[in-house]
Amino acid sequence: MNGVPKFRIPHILKELPFVYSDSPFSKLSSFIDVSYYYSQRARFSAPGSAVDLRNDGNLCELAKRFRIARNDAQSALLEYFHSTRGLPFLDAENMSKNAPEFFDSLTKRVFVKDDNRIGSALTRFLRYHPVNEFEPFFESIGLEPSEYSSYLPRNLMFLNEDQLLLSNYHALCDYGIPRNRIGRIYKEATEVFRFGHGVLNSKLQFFKNLELKQSLIIKIVASCPYLLTGKTNQELIDFLHRLKELGIENDWLENHISIDDLYNLEHILQLMSFLSDFGLSHGIQKKVYIRHPCLLLELSGHATFSLISFLVKFGCKLEDIQNVFLHFPKVSVSKFVTNLHNCCKFLDEIGMPIPDIGSIVRMHSTILGSCELKTVNSLLTLLNCGKEMACKIVRENPEVLKTWVLHVRVKPIQEVKRTLRVRTVKTDFLSSLGFEENSKEMELAFRKLRGKGLELHERFDSLVKMGLSREEATQMVKSTPQILNQSKEVIEAKLNFFVEEMGYSLSDILTHPRTISYAVERVKLRLEMYKWLRKKRMVDEKLALSTLLASSDKKFLMSHVNSHPEAVEYWKRLRRKVYSSKPENSSL
């Protein structure tokens, strides 16, 4: 026997219950015990989803590491609030799942020895250590511990002991107000939760009597809790009346009021009255509010008051402020004001005189408010120039600030100078055609025009040379600036083709100047097809050039060709003929 090796008993066998070897069910019993053990061990040992048996200890730590442990603990807490304490199920569920600070502080006090019984451990703890139910309640409705500490009753621990609180809380929940927004109502209008039976419902009925949708009432109550007290109902009536006077429907308010913000209707009404007294007509106010709701609603109008104050200090008049409002960029008002401050500080740091800064603020407020500029030192390094040169560049062309914002590559000073020269030449050219400087029309032309100043003049002159009057050529360029992106030779060749080969007159081109921008093959194919269709009396004889040329081939075929089998065949033959005759390397 001494030669027989001794085997250590595996740890798992020590934990199995004793089974008599001579029992007929010994093998089956062993299998059942082992399989149960392994199933439980697998449940709590799967990576990232359960708890390892050896990780006993603080329940809070286990809950943070393992989701299944947290779920078990929350289920036990739900069972305690609902079954033991008798709270409604939805209240108990909200308190058990949406009070993380309370949950952590509670579970830190619970020690778990057997991870299979996490719920039992918490239930046993709660049996001998009842909790102050007002803490998870206040946290679950959206209040932080630092906010609700002053609201905790001194002589109460259980929610059922404060029926007024629960009654008014349930009235708000039943009306559809999100539970996590009710905490702010409690904070801003605590007296609402001391209303007697039926009082809160009568307050809510007031909003219904104003013929407001329930979805809008929910937003108003959550964002203006003080209205529930009933002391300032006239403010809401006046606000809705003012919007109605401007022609703004309640749907606009519902779309733009945010349940996450707090509003003071008195301050908003003050802003509306101020703008009316300042000289903004009802029509302008309506446009401003509809296009940019933030100007009326953000911070209850305080942000807009700050903006107006800033602009007035720099000498802006009603027309300037009105222009800023109508062309307000897609940023918050607070961000716009911050950018304005920073841009003025930037201009001051590069040595620009105060009168010049004021002039730029008055004429280019929207640019300054849209730009989040780099710091002066980093910008001068990238430009490789001094403050005097930077100041000169901004004074000559304030729009260059758009290229000096954060996260945008800054061009060296030589490139900036070249850009300024090109812009100056283009400005002179467009001004000679009657474009108003700094107008939207000129900005649109800038974006679409390509070429040097001399080339643009030559291309424009080619239109006049071909027989158009200067006024007619100017009209064409204003409506379709991109026609000057072609060389003068191409423009002359296309006009000759249109007049001499296709048989149209120059006055026809005035109805659709974009004709010159199309490829010759496109124009020839469409007009030849139209001539054939007109000869066959298949189409109207007075179709406009824009109707024939502007649409895609697919739409043109659907509208004029596909309904006639003979026309489809002719289109195919004509298309092969037109495109087979196209000269190689043609630029037309």
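A charge is taken to sit over a ring if NZ of Lys or CZ of Arg is within 6 Å of the ring centre and within 35 degrees of the ring normal. In this predicted model, arginine 526 lies over the face of phenylalanine 556, at 4.8 Å from the ring centre. The protein chain has an average pLDDT of 84, and 87% of its residues score at least 70.

**Confidence**
- Over residues 1-55, pLDDT stays under 50. For this stretch the model has 46 contacts beyond four places in sequence.

**Charges over rings**
- The charged end of arginine 522 sits over the ring of tyrosine 518, 4.7 Å from the ring centre.

**Aromatic pairs**
- The whole structure contains 19 aromatic pairs.
- One of them joins phenylalanine 138 and tyrosine 151 in a tilted arrangement, with 6.3 Å centre to centre and 55° between the planes.
- This pair links distant parts of the chain, 13 residues apart: phenylalanine 138 belongs to helix α8 (residues 134-140), and tyrosine 151 to the loop between α9 (145-148) and α10 (163-175).
- Phenylalanine 138 is buried at 1% relative accessibility, whereas tyrosine 151 is partly exposed at 23%.
- Ring pairs join a cluster made up of Phe134, Phe137, Phe138, Tyr148, Tyr151, Tyr169, Tyr186 and Phe193.

**Positive phi outside glycine**
- Leucine 299 has a phi near 55° and is found in the loop between α18 (294-297) and α19 (302-313). Its relative accessible area is 52%, so leucine 299 counts as exposed.
- Arginine 537 has a positive phi of about 60° and lies in the loop between α32 (520-535) and α33 (545-549). Arginine 537 is exposed, with a relative accessible area of 72%.

Definitions and conventions. Residues numbered from 1 in each chain as written. Predicted model: local features only at pLDDT ≥ 70, side-chain atom pairs only at ≥ 80, totals over all residues. Heavy atoms only, no water. pLDDT = per-residue confidence, 0-100. Contact = heavy atoms within 4.5 Å. Helix = DSSP H or I, 4+ residues; strand = E, 2+ residues; numbered from the N terminus. Buried < 20%, exposed > 50% of the residue type's maximum accessible area, 1.4 Å probe, protein only. Phe/Tyr/Trp six-rings, centres within 6.5 Å; stacked < 30°, edge-to-face > 60°.
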